[in-house]
Structures are given as structure tokens and as C-alpha cells.
Amino acid sequence: MSKRDYYEVLGVSKTADEKDLKSAFRKLAMQFHPDRNPGNAEAEAKFKEINEAYDVLKDGQKRAAYDRFGHAAFENGGGGGPGGPGFNGDFAQTMSDIFESFFGGEFGGAERRGRGGRERGADLRYNMEITLEEAYEGKQVEISVPTSIVCETCSGTGAKPGTSPQTCKTCGGQGRVRAAQGFFTIERTCPTCQGRGQVIAEACAKCGGTGRTTTEKTLTVSIPAGIEDGTRIRLSGEGEAGARGGPAGDLYIFIGIKPHAFFQRDGADIFCRVPVSMTTAALGGQFDVPTLSGEKTKVKVPDGTQTGKQFRLRGKGMPVMRSAQQGDMYIQVIVETPRNLNRRQRELLEEFERASSGDTHPESAGFFAKVKDFFDNLGG
């Protein structure tokens, strides 16, 4: 029976990216998992088909080969007979094999896969958003991460319990085969075991031979006090489990900090703009401001305070991560011009204006004196 198209199996388009592939795989794997369909042979077959399709499409090299040759890319040495593709085949594929022979590796694949198919698991990313107060205090939080773990039934081997992976007869366990190609001896990935060096005669029913199962893992994450927006926390070994007992990948948690209602942050310093009335700015006064520690602190405003004046509160800013240092808080005063005046208020301000002099408004008096001189010089 001919195999279904791998993209059709996962229900994605041929332009699907890694994220789309992983999302489709997880959804289908959960749906047809043997644990959810006990005794259902059709579901078990679909589960194996889904794993096979994802195993090819998630690997850049395998996917490229599949897009070019289809299922024939993994049969009979890649479509060109037991010795691999000849010069009468695809030239680009042949040159790729020659480069592999001279320079070794599989353009990154060899770094991930070891003898026996023990392939390192994928790294995972988790986005976490916290408040500025939580960044100030630090916290411990539990998160649930969908991931792959080592299959408990086969202990990660991928083989049916009671059996074990066998050494590949095609490559003798090396994972690579050699063939003469004119003047060259070409070494390429073994088409039988796909470079693993081992083959599984009877696959584990629970994991479909991958050595991994999909689950939700709950982890406790410590967020240090003073953490900044965009900080990345690495949890070693908490990523996806490696294929067939390979080492697990890492989990990276990216921290985002929500905008605050009235605080702005710059490194360890905190800034806050506070509107004050015109009379408070003119006569002097004081007001309370909150701090991120939950306390209140008084700010004294001297008489004659102008818009933009900053007051510094030492040690009231953010803690510097993993140190005993503390930033400062800066309070910037914004003088608010009164609006919607009643008749009496207007009369009082007009009376004040008539009694004003250059001493009460030195900046505006000086500015308009310069403007007058400017026009006088133009006329002269």
C-alpha cells in the first residue's frame, strides 16, 4: 500500500514552518495516542504514521530530500539504487554527498545525533509576563509546558518491551555507508537506519518507536528580584526528551514585564510623573507617593517649583538582580494649569495678574524682554 503524503498526514501545507509542524503533530499525537485509544489498531497505525511524518518534516535535511524525491528519498539509498544517487541523478544531491564525504557530518545533524540514534531533544521556549511589582519582589511560579518525555514503557529505546534495537546490517552500526562514484568514494547517511546505527524490528506501541511520549510537565520557576524585561532564564535539561534515550534539550523562559499604571523603569531606576496644583507649586506643599515596596513616602515641594522639576528618592528604585544594590526613584513634577474657573476664581487670578511683576514670573519676563529687543533691532 502506498504511503500518504507526509504533509497530508499532519494536515499542514508545504510552506508550514517549524512552529506549525510542531503544533499539528502535538494535536494529532494527543488525539491518536494509544493510551487514549486502548485496543484500537487503527488509532495505533495512525499514531505511528504521524510520528513517521513528523520525524521527517521536522528535520531540515530530511524535509528537503522529501520535497525533492518524495518517499523515494528514503528507499533504496535515496532513489538512485543501493549505492546512492549517481551522476546521472540529481547533481545537487550528489555534490551534497561529496561535500559530506570531504568535510564530514551532516551539516549540523551529526552534532545532534549519536551512535544508536540517541538524538538530543529540542529546546523549548516559554513566554512569561509578570508585573513590575513581581519583578521588584521576585517570585516562584508554577508553569505547565507541553513537551516530550522518555517513554516509560520502553525506557526510551523505542523497542517493544522484551526486545531491543538491533545493529543495522546495512552499515554495521556505523550509521553511514560508502560507495564508489567515479574517482570519488562517497560516504553518506545509511538509508536503512537513517544514520542511527540501529534498527527496531518491533516498535513500542506506546511511543511508536520514537522513545518519547507527549505530556504536560509542571515546573517551578524562580524569578529573581530585579529581573529586567527581555531576560532569558535557562532550565537545563527541561526541554524535549532526546530520541531513543538521547539527552534532553533545554527550556528557555523569556520574561516580559507589563506596563505599569504610573511607574516607568530605566534599568534599576524608577520614574514617576506627578501633577500638582498651581497653588501648591507656587506656595509650596507636600504629597505622598507609593513605592514598589508597598510603602508611602512624602515628597516636599518648595515654593516656586516649576514644571519638570525632579526629586530624587535614594534607594526607592528596583533592586539590582543578584546584588545588594538598589536603584533610585525620580519624581517629576508637572504643574497643572486650572480649568473650568468660576467667576470668583477668575476675579482672583485677574487681580493676581495685575499685581504681578517681573519678580513673580522671572523667566517669562526675561523671555519677552529679549523678544522686544529682537524686534527693536530689526526696526533700527
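**Aspartate 229 and other charged residues**

Mentor: Aspartate 229 is located in the loop that runs between strand 7 (212-223) and strand 8 (232-235). Please keep in mind throughout that the model is a predicted one. Aspartate 229 counts as exposed because its relative accessibility is 53%, and the cut-off for that word is over 50%. On the surface, Asp229 belongs to a patch of negative charge, in which it gathers with Glu129, Glu228 and Asp266.

The structure holds 20 salt bridges. One of them is formed where the side chains of aspartate 55 and arginine 196 meet, with an N to O distance of 3.5 Å. Aspartate 55 belongs to helix 3, while arginine 196 is in the loop between strand 5 (184-189) and strand 6 (198-199), so this pair ties together parts that lie 141 residues apart in sequence. Are the two partners buried or exposed, or partly so? Aspartate 55 has 22% relative accessibility and therefore counts as partly exposed, whereas arginine 196, at 9%, counts as buried.

A salt bridge also links the side chains of glutamate 187 and arginine 176, at 2.9 Å from N to O. Here the pair ties together parts eleven residues apart in sequence, because glutamate 187 lies in strand 5 and arginine 176 in strand 4 (residues 176-181). Glutamate 187 is partly exposed, with 22% of relative accessible area.

Next, consider aspartate 328 and arginine 312, whose side chains meet in a salt bridge of 2.8 Å, N to O. Aspartate 328 is in the loop between strand 14 (310-313) and strand 15, and arginine 312 is in strand 14, so the parts that this pair ties together are 16 residues apart in sequence. Aspartate 328 counts as buried at 10% relative accessibility, whereas arginine 312, with a relative accessible area of 43%, is partly exposed. Elsewhere, salt bridges with shared partners join Arg120, Asp123, Arg234 and Asp250 into one network.

Let us return to helix 3 (residues 41-57), for asparagine 51 is also placed there. Its relative accessibility is 8%, which means that asparagine 51 counts as buried. The side chain of asparagine 51 reaches the backbone oxygen of phenylalanine 47 at 2.8 Å.

The surface has a nonpolar patch as well. Phe374, Phe375 and Leu378 make this patch, of about 370 Å², and phenylalanine 374 is found in helix 10 (residues 362-379).

Most residues other than glycine have a negative phi. Serine 155, which is not a glycine, has a positive phi of about 60 degrees, and serine 155 lies in the loop between strand 2 (139-150) and strand 3 (166-167). Asparagine 340 has a positive phi near 55 degrees and is found in the loop between strand 15 (329-336) and helix 9 (343-355). Serine 155 counts as exposed at 57% relative accessibility, and asparagine 340 counts as exposed at 77%.

Methods. Residues numbered from 1 in each chain as written. Predicted model: local features only at pLDDT ≥ 70, side-chain atom pairs only at ≥ 80, totals over all residues. Heavy atoms only, no water. Patch = residues over 30% accessible without salt bridge, like charges linked within 9 Å, V, L, I, M, F, W, Y side chains within 5 Å. Areas by Shrake-Rupley, 256 points an atom, 1.4 Å probe, with all protein chains shown as cover. Salt bridge = Lys/Arg side-chain N within 4 Å of Asp/Glu carboxyl O. Lys, Arg positive; Asp, Glu negative; His and termini not counted. Charge placed at Lys NZ, Arg CZ, Asp CG, Glu CD. Helix = DSSP H or I, 4+ residues; strand = E, 2+ residues; numbered from the N terminus. Buried < 20%, exposed > 50% of the residue type's maximum accessible area, 1.4 Å probe, protein only. Polar contact = N/O pair within 3.5 Å; in protein donor to acceptor, adjacent residues only side chain to side chain.
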